[in-house]
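Please look through the structure below with me before reading on. The numbered points that follow are a colleague's notes, and each one takes up a single topic.

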Amino acid sequence: MAKEPVSALLNAELARPGSPLQSIDPRQHPVLADLKRARYLSRPLVYPESELRAFGADLLGTVELLTALPKRLFDGDVARTCQALGLDPRKAELVGEFEQQSPSRFGRIDSYHDGEALRILEFNVGGSVGGQEWVEPLADMFWANDAFREFGTAHGLHYLKQTKLLAEALRSSAAPVTSGRDPVIAMVEGTGGLDLYAEGSWFLLHRLLEAEGLDCRIGEVHELEVTASEVRFQGRRVDLVYRLFDLDQVVDDPDAWRTTVRLRDAHRSGQVALWAPLECDLIDNKRFLAYLSDPRLRGHMSQDERDMVDRVLPWTRALVPGAAGLDEVVADCRERREHLILKPDAGFASRGITCGWLVSDEQWADALRRGAAEGAVAQQRVVPREEVAVNVETGLTESWDACLGLYWVPGGLGGGGGRLVHSGEPADSTDRRLSPMFLYPDQDTDRH
């Protein structure tokens, strides 16, 4: 059960007959109205600010560790890094080399609150990170309601404006190119990506960034022209390329490959800013989490770093085909079946996962065999605390499991929101709800 007193007060108000909070309809928002399949929780998720700030500090520290792993473990060699991660060697050729300076920090973690603290399930790094089209609009929608704003003001509720923070980060990233003026931005998907992957969400993010005053265009990689002197998109010179495509969309497309290599070089020569650099696609590889968690692999870390990681990251092990000690890792995972989830290296958006507690010993053994042959990560199950919310149509309370998506930007935490399923249902259940995230001040919070 949710322990936050503000959650209980909010549920009590929602359950009160005639409460004006019951009439909040996110579909009235001009952006949210275009998310045809989205459904929404009746209330925001609320967290004490001190908890989120402390977690955010550990999160950003862990991101710094992830970014440093190629240099620490593989002397900054891209080819060795890709080999260790089981990646197509053509990706090493695309990336070329790691930049001398760390790339701009941007991404999203997926996390559960286990009743004691937030735990990171996985990292998603770089410009192709999704979900931003609803996070701030949904929080704005609640705050625009007079009754909710009155409740929120009384209890000190506030939220991080994700799109605003992103827009500020984009301006800052482009500043070396623009000398202080607002950048012209190209939001660039892979060939066919706007229809295949985004289901319209990139267009919604485009609208939100334009509402922040940014001059944005959106299209696909074949519309980029990269010359020795400039980068043009849809016929116009641009200052920053917001890379919506990932390396998998490029390696088998010769034209996109050539354009991407030229774009990489233009970024490194200072002609254009790239959000985010190609190397970011290596940083969010699931296997890297094992280098932070597995005692056999994290000898590169100080004790303080290990303590920090252990506060936020569950037990994680990599099943690497042909690796020394693989049989021992598989045997350990077999014994822990009821407490582990298995994620294939190539999977995303919960695809291909096997929940050990939902399958038989034989099914788990088969999944481990596939993982050992193809590559996978096993992670300790995090049991999320129940989030209780009132169903305004029935008046009944319902229990939900919330996967919290938290964004980070170079300046720190960048907002977030929750994707919820009925308690006990798998994360890929089709009956999902979205909810914004609000913070409230508590006695340990230093707002300054």
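1. In strand 18, Leu-439 is the bridge partner of Tyr-47. Strand 1 and strand 18 run parallel and are joined by 4 bridges, where two strands count as paired if DSSP finds at least two bridges between them. Helices (H or I, at least four residues) and strands (E, at least two) are DSSP runs, numbered from the N terminus.

2. This is a predicted model, in which local features need pLDDT of at least 70 and side-chain atom pairs count only at pLDDT 80 or more, while totals for chains, interfaces and linings use all residues. Residues are numbered from 1 along each chain as its sequence is written, and side-chain values use heavy atoms, with hydrogens and water left out.

3. Strand 1 (residues 45-48) is covered on both faces, with Leu-45 and Tyr-47 buried on one side and Val-46 and Pro-48 buried on the other. Buried means under 20% relative accessible area, exposed over 50% and partly exposed in between, for a 1.4 Å probe and protein chains only. In a regular strand the side chains alternate between the two faces of the sheet.

4. How many aromatic pairs does the structure hold? There are 10 of them, counting rings of Phe, Tyr and Trp (its six-membered ring) whose centres lie within 6.5 Å, with planes under 30 degrees apart called stacked, over 60 edge-to-face and the rest tilted. Among them, Phe-74 and Tyr-291 have ring centres 6.2 Å apart and planes at 85 degrees, so this pair is edge-to-face. Because Phe-74 lies in helix 2 and Tyr-291 in helix 12, the pair ties together parts that are 217 residues apart in sequence. Both Phe-74 and Tyr-291 are buried.

5. The rings of Phe-148 and Phe-438 are also edge-to-face, because their centres are 5.3 Å apart and their planes stand at 70 degrees. Phe-148 belongs to helix 6 (residues 146-154) and Phe-438 to strand 18 (residues 432-440), so the pair ties together parts that are 290 residues apart in sequence. Phe-148 is buried, with a relative accessible area of 1%, and Phe-438 is buried with a value of 0%. Phe-142, Trp-143, Phe-148, Phe-151, Tyr-159 and Phe-438 form one aromatic cluster.

6. In helix 13 (residues 303-312), the residues Glu-305, Met-308, Val-309 and Val-312 are buried. They lie on the same side of helix 13, because they cover an arc of only 95 degrees around the axis, taken from the directions from the helix axis to the C-beta atoms.
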